[in-house]
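Student: I have a protein model open and would like to learn how to read it. Could you walk me through a few features?

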Amino acid sequence: MSDDELRRRVAAAVDGVGTRRHVAAAIGLDETKLSKALAGRRRFTTAELAAIAEVAGVPLAWLARGDDQPVTAAPGAALRAPAAPDPDGARKRILDAAWTLIATRGYHRVRVADVAEAAGTSSAAVHYHFDDKDALLDQALRHNVELAFERQSAALHAVADPHERLVTLLDLQMPTGPVLEPEWSIWMQVWAEAVVDAGRRELYAQAQDRWFRTVLLTLRDGVEAGVFRPDLDPELRARQLTGLVDGLGVGVMTEAARADDMRAALHDFIRHTILREASQ
């Protein structure tokens, strides 16, 4: 992978979770050194890349080499598991089919044979790429995380204002539309499985932490910029806000609430507990 491509990936990872200043602080790197590395005036060290991958919640292999093979045991890299060779794209077709079927039918109503049929392949091919149906659900969650990260990075790349950034983040979590509704379905099924499966609980915690850190860094940016309340506790508000999104989202997905009501409640929370105007 070229140096330009490396810098592009690092910039996307950094910009997806907060300002460069806060990411630099989070990994213990001088902001000037981060800026110089992103501009091509110095090289990233392996330790710096590993730290950025962990903070951004992206696989180090993707960040440093452009592939899916992990080269470290860093927590961020654990979100994407090693993949079997996929020269004809069969694995991707299988994963896409599994993601759609689990989201629309429910995990316990999907058989490996169903996934094979939807992907246009055989059950043996499914088992070549995934050990069992549990592995398919795990990969569906990882697929969810990657979809959300890519969408988030694209949407937030040019958003500098912390308030606008926070509102955009919340809009990207609304359980509506042909992409977000299935994503929410996967999330809710993983929540249920995580209650009784410690291994899946750890996987979910890693994915959830990426979302939490993104909100946390945005809140810290807003306090520093003078947009959010000066006495705001970013970690407490990030916990509250992400919990509010989860709870309201379940209501929308189960048709106990409307998406408009969810959006109004989130904006009300921001207005009364986060924005600086509320403290004056």
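This is a predicted model: local features need pLDDT of at least 70, side-chain atom pairs count only at pLDDT 80 or more; totals for chains, interfaces and linings use all residues.

Student: At what angle do helix α6 and helix α7 pack?

Tutor: Helix α6 covers residues 90-105 and helix α7 covers residues 112-119; they pack at about 120°, with axes 8 Å apart. Angles from 65 to 115 degrees count as roughly perpendicular and those over 145 as roughly antiparallel, so α6 is oblique to α7. The crossing of α6 and α7 is right-handed.

Student: Which residues in α6 and α7 meet?

Tutor: From α6 come Arg 93, Ile 94, Ala 97, Ala 98, Leu 101 and Arg 105, and from α7 come Asp 114, Val 115, Ala 118 and Ala 119. Sorted by type, the residues of this contact are seven nonpolar, three charged and no polar.

Student: Is Arg 200 buried or exposed?

Tutor: Buried means under 20%, and Arg 200 has a relative accessible area of 4%, so it is buried. Arg 200 sits in helix α12, residues 198-224.

Student: With which side chain does the side chain of Arg 200 make a polar contact?

Tutor: That partner is the side chain of Asp 138, at 2.8 Å. Beyond its neighbours within four places in sequence, Arg 200 is in contact with residues including Asp 134, Leu 137, Val 190 and Glu 193.

Definitions and conventions. Residues are numbered from 1 along each chain as its sequence is written. Side-chain values use heavy atoms; hydrogens and water are left out. Axes are lines fitted to C-alpha atoms, for helices over the stretch in contact, and angles run from 0 to 180 degrees between N-to-C directions. Helices (H or I, at least four residues) and strands (E, at least two) are DSSP runs, numbered from the N terminus. Angles under 35 degrees count as roughly parallel, over 145 as roughly antiparallel, 65 to 115 as roughly perpendicular and the rest as oblique. A crossing is left-handed if the near helix is turned anticlockwise from the far one by less than a right angle, and right-handed if clockwise. Contact means heavy atoms within 4.5 Å. Ala, Val, Leu, Ile, Met, Phe, Trp, Tyr, Cys and Pro count as nonpolar, Asp, Glu, Lys and Arg as charged, and the others, Gly among them, as polar. Buried means under 20% relative accessible area, exposed over 50%, partly exposed in between (1.4 Å probe, protein chains only). A polar contact is a pair of N or O atoms within 3.5 Å; within protein, one must be able to donate a hydrogen and the other to accept it, and residues adjacent in sequence count only if both atoms are side-chain atoms.
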